[in-house]
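Here is a friendly note to read alongside the structure. Please keep the picture open and find each residue as you go.

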Amino acid sequence: MIYEIANHIEELRAELRNAENGAERRQIQAELELAQAELLIAAAELDGLAESEPPF
């Protein structure tokens, strides 16, 4: 899962470099930030620092 997210982040970075207008840049930047957050969560779950299930 982490590998796929990392690949997606690299693809988004490439798209951001090639974005032609502001609206496209903002959309890609938002997707990039979301993917980076997902990567942090996945890494924390893998390290046992976060639980993937709710506590109830």
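1. Let's start with Arg 13. With a relative accessibility of 34%, Arg 13 counts as partly exposed, a label for values between the buried class (under 20% relative accessible area) and the exposed class (over 50%), worked out with a 1.4 Å probe and protein chains only. Arg 13 sits in helix α1; helices here are DSSP runs (H or I, at least four residues), strands are DSSP runs too (E, at least two), and both are numbered from the N terminus.

2. A word on the source before going on. This is a predicted model, in which local features need pLDDT of at least 70 and side-chain atom pairs count only at pLDDT 80 or more, while totals for chains, interfaces and linings use all residues. Residues are numbered from 1 along each chain as its sequence is written, and side-chain values use heavy atoms, leaving out hydrogens and water.

3. Which residue forms a salt bridge with Arg 13? The partner is Glu 10, and the closest N and O atoms are 2.7 Å apart. The term salt bridge means a side-chain nitrogen of Lys or Arg within 4 Å of a carboxyl oxygen of Asp or Glu. Side chains of opposite charge can pair when their charged atoms come close. Both Glu 10 and Arg 13 belong to helix α1, three residues apart, which is about one turn of the helix. Glu 10 is partly exposed because its relative accessibility is 44%. The structure holds one salt bridge, so do take a moment to find it.

4. Now follow Arg 13 to other parts of the chain. Leaving aside residues up to four places away in sequence, Arg 13 touches Leu 32 and Gln 36, where a contact means heavy atoms within 4.5 Å. Arg 13 and Gln 29 are 16 residues apart in sequence, with 8.4 Å between their C-alpha atoms.

5. Leu 16 is also worth a look. Is Leu 16 buried or exposed? Leu 16 is buried, because its relative accessible area is 15%. Leu 16 lies in helix α1 and touches Arg 25, Ile 28, Gln 29 and Leu 32, again not counting residues up to four places away in sequence. From Leu 16 to Leu 32, 16 residues along the chain, the C-alpha separation is 8.8 Å.

6. Next, the surface. Glu 11, Glu 15, Glu 20, Glu 24 and Glu 31 gather there in a patch of negative charge. The elements giving two or more residues to this patch are α1 (2-18) and α2 (22-47). Patches are made of residues with over 30% relative accessible area and no salt bridge, like charges being joined within 9 Å and nonpolar side chains (Val, Leu, Ile, Met, Phe, Trp, Tyr) within 5 Å. Asp and Glu count as negative, Lys and Arg as positive, with His and the chain ends not counted.

7. Glu 20 lies in the loop between α1 and α2 and counts as exposed because its relative accessibility is 76%. Glu 11 is in helix α1 and is partly exposed, at 48% relative accessibility.

8. Finally, the whole chain. The protein chain has two helices and zero strands. Of its 56 residues, 18% count as buried.

Notes: Areas by Shrake-Rupley, 256 points an atom, 1.4 Å probe, with all protein chains shown as cover. Charge placed at Lys NZ, Arg CZ, Asp CG, Glu CD.
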